[in-house]
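Let us walk through this structure together, one step at a time. Keep the sequence and the 3D view side by side as you read.

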Amino acid sequence: MVGQDVLVLLVPALPLLGAVLIGTLRKRLSAGLAGGLATTFLAGAFACSVALFLSEHTELGGRTLRLFDWIHVEGMMIPFAFRIDALSLTMMLLVTGVGTLIHLYSIGYMHADGRASTFFAQLNLFCFAMLLLVMGSNLLITFIGWEGVGLCSYLLIGFWYTNPDYNYAARKAFVINRIGDVGMVLAMALLFQQFGTLEYAAIAEQAGSLLTGNHLVVLATLLLFVGAMGKSAQLPLFTWLPDAMAGPTPVSALIHAATMVTAGIFLVVRSSVLFELAPVTQDVILAVGTATALLAASIGLFQNDIKKVLAYSTVSQLGYMFAALGMGAYDAAMFHVVTHAFFKALLFLGAGSVIHALGGEQDIRRMGGLRGSIRITYITFLIGTLAISGLPLLSGFFSKDLILAHAYQYSPVVFALLLGGALLTTFYMFRLFFLVFHGSYRGGAHPHESPATMTIPLIILAVLSVVGGVLNVPHLLGGHEAMKHFLSTAAPALGASSLHLAAAVEWTLMGITTALVIATVALTYRRFAIAPTLDGDSASMPMPKRLLAERWRIDELYAWAFERPFGWLSTQFHAVGEQRVMIPLMVGFGAITLRLGGLVRRIQTGNASFHLLAMLAGIIIFLIITLLSN
Amino acid sequence: MDQDIITSIRVIPMEHYLMLSFLLFSIGVAGVVFRRNTIIILMCLELMFNSVNLLLTAFSAYHSDPRAQVFVFFIMLVAAAEVTVGLAILVMMKRNVDSVDVNQLNRLKW
């Protein structure tokens, strides 16, 4: 094995080693030491990823590193292999890079927690699973990672397991993800039946000969999308993500914003060949993505929990990515994955820093005026807010504008909807920002700036959020769409999307978007920065607003539509099936056995002679039968 | 086998051996089933063994086949071992219930 292959192996192996090591020694390691170890292991993986990025010849289309034959039976051959190409390298850099920063941040955030070493072991395990997901050369290895990240997500949401609500949130996330997984498993079965392999490369090769709109492919892609829906929190399976904020804030940043929830987008991009063959699925993805982007953004408007706002924002941004996928703009979606990872991780870590500063307070109604006391958090959070709103020349501007331009080219209606979503995003983000950092302090704690291990990641992520756009500067602004060209080597579909808009139209779109965003910022400044209007209990609100504040009552709808009938059914099964049928049946069998036993037990006299006589009689009867039957 | 012995065995017809052996075996079975004295029961067991041995020897002589006699030795060996265990049980029985009446051991029942 050459050095290059060792590097590939080290990328997932280091976090796994870290997880095992810290997990086994968790009782002996102090929080700081465990955190340091976990960060070091992941930083090592990041270094390996960077080395690979610099040395791999991705322009040749990537390569497959085969480790061993995993499943080798008649008619089925699944190797355990990694796919190293532009797409997986992008995701590897993202996972290990952002992951390392968040690990570093966690050292400060979790320093007082008694189970910090368990936390770090699970965080490392998550990174391993995520790397497996993005590096796998076939759907089955991706699926191991897929389930692995689901498990780690469950563990980390319920990390503070003494709180029953958090456990409920963890279970909810797990169960809803399972619904998506059913789609994914069915899709795998269908694809295997169709192609006889689960290797991405082999499927892509064979798919070339299929006609567009092939029913099996449409069905398989729809099922894959169901899986993506569950993992990436799209309508109608998005309700778990806001609840997932029960976990520690670094978890929200790493798993529920930057990496795991983008697994769905990754899966679609990875299978782009198939999705290109299924226009129906693409329309569905576009519709679901747009609807999610708008709906989640509208819910975000009136939430009062700092992390909930960011959670709905994440759902909404994931909707943007799916909308881009639906339009065939895979590069735009991946670009947004990367920039979103930067600024959303930054925002979550900033929120964590605020929560840390206020000793656990999460309600923005009891914050305000924090810009003076936590200066670094203030500045970095401002950068994150500007970036997510798409202010010119920040990273979010480039990626969001690319999606909007694609949307305009696709249909002005989609453009209008997504632009509306973008304005909603600006509104709730600046509402959050002004309520937290401006005005006067409305709480009772003594805010203090976070330690350096927390502020350094914030600063690095802030820098990345500012300059992240240079990865893919459009031709219009004198760039070369570097990331698009890089990604297009992994699969032709990734570079196929192109904008045919005139420069004047693009400038106009950019101008309109920017003007509206700035107007929205001004509006929120007037409403929330100078004399903030605080919302009271949602019950006292006028109707449309109340519906938004109560999250469109979607959780209640699901409870009414699924939980209640299921609960009723379970109660019936218990009352009739168990109480009236199963238990009497079992008791009846017991009684019959007991009665029969009572009848025949008189034979057991305990008299040795009698038993011998009985034995003799038995032998004689047996002999007679044998003789007669001959 | 010594030719004289074979000849002398063959002097008596086979049916007689069968009959004697059957009688001895039946006495043994009746003794085991109906007697209460454990010593008698053990002796009756020996009687059954030996009736079989007798028959085996007779058949061996009549068929000129020495293999049956091997079984006789095996049976003798097993009987010796069986008696050792049986007598040991008998001693324990005497110690525990101060009796050799097999019906004293009737507690293993419903």
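Start with B:Asp98, which sits in the segment after H4 of chain B. Helix names such as this one refer to DSSP runs numbered from the N terminus, with helices being H or I runs of at least four residues and strands being E runs of at least two. The phi angle of B:Asp98 is near 55°, a positive value in a residue other than glycine. B:Asp98 has 9 other C-beta atoms within 10 Å and is therefore exposed. The cut-offs behind that word are these: a residue is buried if 20 or more other C-beta atoms lie within 10 Å of its own, exposed if 12 or fewer, and partly exposed in between, with C-beta atoms placed from the backbone.

Before going further, a word on what you are looking at. This is a predicted model, in which local features need pLDDT of at least 70 and side-chain atom pairs count only at pLDDT 80 or more, while totals for chains, interfaces and linings use all residues. Residues are numbered from 1 along each chain as its sequence is written, and chains are lettered from A and ligands numbered from 1 in the order in which they are written.

Now find B:Ser64, in the loop between helix H3 (38-63) and helix H4 (67-97) of chain B. Its phi is near 50°, again a positive value in a residue other than glycine. With 8 other C-beta atoms within 10 Å, B:Ser64 is exposed.

Of the 630 residues of chain A, 50% count as buried. Two residues are in contact if their C-beta atoms, placed from the backbone, lie within 7 Å. Among the contacts in chain A with a separation of 6 or more, 80% are between residues 24 or more positions apart.

Chain A is divided into domain 1 (278-549) and domain 2 (555-629), with bounds that come from an automatic or database domain assignment. The C-alpha centres of these two domains lie 65 Å apart. For another look at distances in this chain, pick A:Ala502, in the loop between helix H21 (493-496) and helix H22 (503-530). A:Ala502 and A:Gly618 are 116 residues apart in sequence, and their C-alpha atoms are 104 Å apart in space. A:Ala502 counts as exposed, having 9 C-beta neighbours inside 10 Å.

What lies in the interior? A nonpolar core is a set of buried Ala, Val, Leu, Ile, Met, Phe, Trp, Tyr and Cys residues joined through C-beta atoms within 7 Å. The largest one holds 202 residues, of which A:Ala333, A:Ala345 and A:Leu418 touch the most other members. Helix H15 (residues 330-357) of chain A gives the most to this core, with 18 residues. Leaving aside neighbours within four places in sequence, A:Ala345 is in contact with residues including A:Val98, A:Ala253 and A:Leu461.

Is A:Ser450 buried or exposed? It is buried, with 22 other C-beta atoms within 10 Å. Not counting residues up to four places away in sequence, A:Ser450 touches A:Gly108, A:His356 and A:Thr377, among others.

One peptide bond also deserves a look: A:Leu235 and A:Pro236 are joined by a cis bond, with omega about 0°. A:Pro236 lies in the loop between helix H8 (215-231) and helix H9 (240-243) of chain A.

Finally, see where the chains meet. The contact takes eleven residues from chain A and twelve residues from chain B. Here the axes of helix H25 (residues 608-629) of chain A and helix H2 (residues 14-34) of chain B come within 7 Å and cross at roughly 140°. Axes are lines fitted to C-alpha atoms, for helices over the stretch in contact, and angles run from 0 to 180 degrees between N-to-C directions. H25(A) and H2(B) are therefore oblique to each other, since angles under 35 degrees count as roughly parallel, over 145 as roughly antiparallel, 65 to 115 as roughly perpendicular and the rest as oblique. A:Ser609, A:Leu612, A:Leu613 and A:Leu616 of H25(A) meet B:Val29, B:Val32, B:Val33 and B:Phe34 of H2(B).
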